[in-house]
Amino acid sequence: MEKIVVWYIRMSLVYFFVGALLGLSMIAHPDSIFYYRNVHVHFNLLGWMSMMIYGVGYHVLPKFSGRLIYSPVLMKVQFWFANLGLIGMAVGWTMIGRDIAAEGARSLLLVSAVIVLAGIGMFAFNIGKTVTPVKRPAG
Ligand code: HEM
Ligand code: HEM
């Protein structure tokens, strides 16, 4: 398995643990639901679920298609976009929820969300290019 794929899977497991921990802490301290719910939801859905799908997808989809990944560079760049963007969103949401530097926190959230979205676009493009059959000349 490629090193970067292992890192997608490792980070996915980290988000799963931290996301579940936040779930538990929301049960223990219901007041914290207000500022942790969005972080919990996105650590679980963008961190645990999406990150695992990125890793497993990059590993198996080229094999299923009998190809190499279209862009190994984009696969690595996307890893940083997905992680830095998600962590930025988590910090932004926590700051907004706790009313810390609200203006700055909103900008951080916005920029981080754009970074996450760009990462999603990179994944869609790279996997799309990898699995699309090459047209062969007839005959
Ligand atoms: C130990 C594991 C988990 C615990 C203790 C936990 C706990 C919680 C709590 C306390 C809430 C807030 C509920 C409220 O607003 O009253 C919540 C919301 C939520 N959790 Fe979890 N959770 C866990 C794992 C997960 C996982 C693995 C996922 C997804 C893969 C997930 C997805 C969600 C979603 C989408 C919401 C928002 C629901 C809504 O707003 O209607 N949770 N969770
Ligand atoms: C660029 C990526 C994303 C951004 C910027 C984003 C942003 C947001 C925002 C602003 C909210 C509303 C928060 C609020 O009510 O205060 C939200 C809610 C939610 N998002 Fe996302 N999201 C993203 C990706 C995703 C993905 C990929 C999933 C699922 C796979 C997801 C699942 C959810 C769920 C379940 C809620 C409802 C949570 C709740 O009710 O507490 N999001 N998201």
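Modeller: Helices (H or I, at least four residues) and strands (E, at least two) are DSSP runs, numbered from the N terminus. Residues are numbered from 1 along each chain as its sequence is written, while chains are lettered from A and ligands numbered from 1 in the order in which they are written. The model is predicted: local features need pLDDT of at least 70, side-chain atom pairs count only at pLDDT 80 or more, and totals for chains, interfaces and linings use all residues.

Biologist: How many helices and strands does the protein have?

Modeller: The protein has four helices and zero strands, and its elements run α-α-α-α from the N terminus on. Along the principal axes, the C-alpha atoms fill a box of roughly 70 × 30 × 25 Å.

Biologist: What is the mean pLDDT of the protein?

Modeller: On the scale of pLDDT, the predictor's confidence in each residue from 0 to 100, the mean is 96, and 99% of residues reach 70 or more. Confidence is lowest in helix 2, at a mean of 96, and highest in helix 1, at 98.

Biologist: What is the reach of helix 1, and what is expected?

Modeller: The expected span is 1.5 Å times one less than the number of residues. Helix 1 has 26 residues and reaches 37 Å from first to last C-alpha, close to the expected 38 Å.

Biologist: Which residues of helix 1 are buried, and what covers them?

Modeller: The buried residues in helix 1 are Y8, M11, S12, Y15 and G19, and their cover includes helix 2 and helix 3. Buried residues make up 27% of the 139 residues in the protein.

Biologist: What makes a group of residues a nonpolar core?

Modeller: Such a core is a set of buried Ala, Val, Leu, Ile, Met, Phe, Trp, Tyr and Cys residues joined through C-beta atoms within 7 Å. The largest core has 22 residues, and Y8, M51, Y54, A82, L86 and A90 have the most contacts inside it. Helix 1, helix 2, helix 3 (72-97) and helix 4 each give two or more residues to this core.

Biologist: Which residues does M51 touch?

Modeller: Two residues are in contact if their C-beta atoms, placed from the backbone, lie within 7 Å. Not counting residues up to four places away in sequence, M51 touches Y8, M11, S12, Y15 and A82.

Biologist: Which residues surround ligand 2?

Modeller: The shell of ligand 2 consists of R37, N38, V41, H42, L45, L46, S50, A113, V116 and L117. Helix 2 and helix 4 (102-131) each give two or more residues to the shell, and the largest share, seven residues, comes from helix 2.

Methods:
A residue is near a molecule or strand if its C-beta atom, placed from the backbone, lies within 6 Å of it. A residue is buried if 20 or more other C-beta atoms lie within 10 Å of its own, exposed if 12 or fewer, and partly exposed in between; C-beta atoms are placed from the backbone.
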